[in-house]
Amino acid sequence: MNFGQNLQSIRTRNGLTQEQLAEELDVTRQSVSKWESGASFPEMDTLLKICEHYRVSMDELLRGSVEEHHEEEAQSFVRHMKIFSIQMALSIPAIIMALAVVSLLDGIASEAFMGAFFFTIVTASVITLIVSGMEHSRYVKKHPKIQPIHSEKEIERADRVFSWAIAGGVGLILFGLIVSSYIDDAYDKVIYSNASGAVFLAMVALGVGIFVFFGIRRSIYHVEDYNKENARADSKNKAGKLTGAVCGVIMLVATCVFLVWGFWGTPGGMWTGNWRDYTGHWNISWISFAVGGILCGIASIIINVVCDKEEDRDTGDDENVPK
C-alpha cells in the first residue's frame with residue numbers, strides 16, 4: 001500500500017471525514033484529498049504528526065500496510081487479554097477457595113498446617129496478581145487504543161455468553177447458600193458446620209472466577225470501552241493510586257485483626273503459658289480478610305465515581321455543569 005492508501009485507511013478506521021482529519025492535522029481538506037489521491041505529499045512535520053496521533057511507524061505509513069499493522073495489533077490484544085483473564089480468574093478465587101479448604105479442615109488438620117497452606121496460596125495469588133497487573137499496565141501504556149476487528153454478530157454472541165456466565169455465577173453462589181443452609185439445619189455436628197461454610201465459600205470462589213474471567217473476555221469484543229477507559233488515563237491513574245493507598249491501609253488493618261484475633265486463645269491457654277489448652281480463633285479470624293475485601297471494593301467504587309465526576313467537571317462533560 002502507498003501513503004495515500006494508508007492515510008485513507010487511518011481516516012476511515014478512526015471514523016473521520018477528510019474535513020475532520022484536516023482539522024486535526026491543521027491543514028485544508030483539499031490537502032488531505034490530494035494526499036489520498038497521490039497528487040501531492042505532506043511535509044515531514046505533518047508526517048510525524050500523523051505517526052504520533054495514530055500510532056504507526058514512518059516505515060509502515062510510507063512503505064508498509066497500516067491495515068496489516070492494525071490487524072497484528074488487534075490479534076496481539078486478543079492474546080494478551082485471554083492470558084490476562086486466565087491469570088486473574090485463577091488468582092482471585094484461589095484465595096477464597098483456600099479459605100474454603102481451611103474451613104473444611106478445621107478440627108481435622110493442625111493449626112500450623114492450615115496456616116501454612118492458607119498463606120502459601122495467598123502469597124502465590126498475590127504474586128500472580130502483581131505480575132499480571134504490571135504486565136497489563138505495560139501493555140495498556142504501549143497500546144492505548146485498539147481498532148475493532150469483530151463483527152456485530154460476534155459481539156452479540158459474546159454478549160449472550162457474558163449474560164449467561166453472570167447468571168451462572170450468581171446461580172452458583174445462591175446454590176452454595178442453599179446447600180450451606182440445608183447442612184446447617186440438618187446436622188448439628190461441628191464437622192458438618194465446617195462443611196457448610198466450606199461449600200458456600202467454594203461456590204463463591206467459582207462464581208467470582210466466572211465473573212472475572214468472562215468480564216475480562218468481554219472487553220476483547222468491546223474495545224470501545226477499553227479505548228474510552230485509556231483515554232481517561234490521568235483520572236484513572238489518580239484513582240488507582242488513591243485506591244491502592246486506601247486498600248493498602250484497609251488490608252493492613254485486616255491482617256492485624258486476623259493475627260490478634262487468631263492468637264487470642266482461650267483464657268486458660270497461651271496467656272498463662274498452658275499451651276496444651278490453647279485453641280486460638282483461627283477458624284473464624286479469617287473473616288477479617290473478607291470484610292477487608294468488601295471495604296476495598298466499596299472504597300474503589302467511591303473513589304472512581306468521585307474522580308470521574310471531577311474529570312467531567314474539569315472537561316465540561318458533566319451535563320449538570322453549566323456550559
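This is a predicted model: local features need pLDDT of at least 70, side-chain atom pairs count only at pLDDT 80 or more; totals for chains, interfaces and linings use all residues.
Let me begin with Arg79, which is exposed because its relative accessible area is 52%, where exposed means over 50%, buried under 20% and partly exposed in between, with a 1.4 Å probe and protein chains only. Residues are numbered from 1 along each chain as its sequence is written, and side-chain values use heavy atoms, with hydrogens and water left out.

Arg79 belongs to helix 6, residues 66–105, with helices taken as DSSP runs of H or I of at least four residues, numbered from the N terminus. Although Arg79 and Ile220 are 141 residues apart along the chain, their C-alpha atoms are separated by 9.3 Å. In helix 9, residues 190–221, we find Ser219, which counts as buried because its relative accessibility is 18%. Leaving aside residues up to four places away in sequence, Ser219 touches Phe77 and Met81, contact meaning heavy atoms within 4.5 Å.

Phe77 brings me to the largest nonpolar core, which has 31 residues, and Phe77 is among those with the most contacts inside it, as are Ile146 and Tyr226; such a core is a set of buried Ala, Val, Leu, Ile, Met, Phe, Trp, Tyr and Cys residues joined through side-chain atoms within 4.5 Å. Helix 6 gives the largest share of this core, 12 residues. Apart from it lies another core of 15 residues, including Leu25 and Trp35.

Leu25 and Trp35 also take part where helix 2 meets helix 3. How are these two helices, residues 18–25 and 29–37, arranged? They pack at an angle of about 105 degrees, with axes 8 Å apart, the axes being lines fitted to C-alpha atoms over the stretch in contact and the angles running from 0 to 180 degrees between N-to-C directions. Helix 2 is therefore roughly perpendicular to helix 3, a term that covers 65 to 115 degrees.

Within helix 2, Gln18, Leu21, Ala22 and Leu25 are buried, and because they cover an arc of only 100 degrees around the axis, they lie on the same side of helix 2, the arc being that of the directions from the helix axis to the C-beta atoms. Helix 1, helix 3 and helix 4 are included in what covers them.

Methods:
Angles under 35 degrees count as roughly parallel, over 145 as roughly antiparallel, 65 to 115 as roughly perpendicular and the rest as oblique.
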